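Hello,

I am passing on a structure for you to look at. My notes on it follow below.

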Amino acid sequence: MKKLSIIIAILTLLCAVAPVSAHTKSQKNELDSCYRAVEDNNGPIHYGSEENTGWCIKENKHINGTSTNYKFHSSVSKSEKELFYSAVKKWSDRCRATMNEVTSGNTGIVYKGYPEDYVYTTGWNALTMGDADSQGHFTKWEIYIHPYTTVKETTLIHEIGHVFGLGDLYLESNKDRIMYNSDARTATVPTAYDISGFNVITGMHTTHDWRYTNTRRQCAICNGTKTEKHSYIWSNYSSSMHKGVCSLTGEVVYEPHKDYINLATGACKRCGRTQPSIVPSEFDEVPN
């Protein structure tokens, strides 16, 4: 019995600390139901037409899950480390993103300097690079801080987004997202749209979580939207009116029987009331 208790305790501990795995193929159909899949030279990307989702994910370059380790190269100054710590916290305060500083191991590295053989010496403040396996998961990643510029915290927040698998946004309409690809971005922290992309690429999205507003439904996880027709359930309301309640949104409407009379039976086609009044009475006011 004691041996069995020890085994159960170990299994419980393993389940408690199991990391969230990265996205699975099962989410592809969910994404395709709202977005179009696009490919570039670096591999597949999922985003809405004209970037209208407010996020973009890179399925070929991202960490496996919501957590990763990193260490600093000796070239990074103390002030830059503090800035990076703050940037990490901006993510962890708003979602399940976790980045742990370590001193050894196969992990991410933050550098101050140029990547090897990188030809573009100007036009960037920081950049993220790395190698990935056949599943698109980083086997290693690096963030490089330009050696001759003063890096901003928002730039580091942006680059951390790339580590998790978020892609750059270019449309002016996405200027207020942290993943907007310019220092002209107005966001200072990851926005709800950035978090939606994070939720998708890190595997927290396996089915849409629809929330309805009128006939428009929006996923609380990825911000995907669909518009569909009301599905009303009709009932008699009064001698001259019937009431419809949408089974999707709960919206209530009132209509006159007279517009839906079955001439053969004299009953209302909506609610089935027989011999309904076709003249509204003073007592048939629609409630506010």
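Strand 10 (residues 216-219) and strand 11 run antiparallel and are joined by three bridges. Strands here are DSSP runs of E with at least two residues, helices are runs of H or I with at least four residues, and both are numbered from the N terminus. Two strands count as paired if DSSP finds at least two bridges between them. Glutamine 218 has threonine 225 in strand 11 as its bridge partner.

This is a predicted model, in which local features need pLDDT of at least 70 and side-chain atom pairs count only at pLDDT 80 or more, while totals for chains, interfaces and linings use all residues. Residues are numbered from 1 along each chain as its sequence is written, and side-chain values use heavy atoms, with hydrogens and water left out.

The strands 9-10-11, in that order, form an open sheet with antiparallel pairing. Strand 9 (210-213) and strand 11 (225-227) are the edge strands, each pairing on one side only.

For the protein as a whole, there are five helices and 14 strands. Of its 288 residues, 39% are buried, where buried means under 20% relative accessible area, exposed over 50%, and partly exposed in between (1.4 Å probe, protein chains only).

One backbone detail is worth a look. Glutamine 275, in the segment after strand 14 (252-256), has a positive phi of about 50° although it is not a glycine. Most residues other than glycine have a negative phi. Glutamine 275 is exposed, with a relative accessible area of 73%.

Regards
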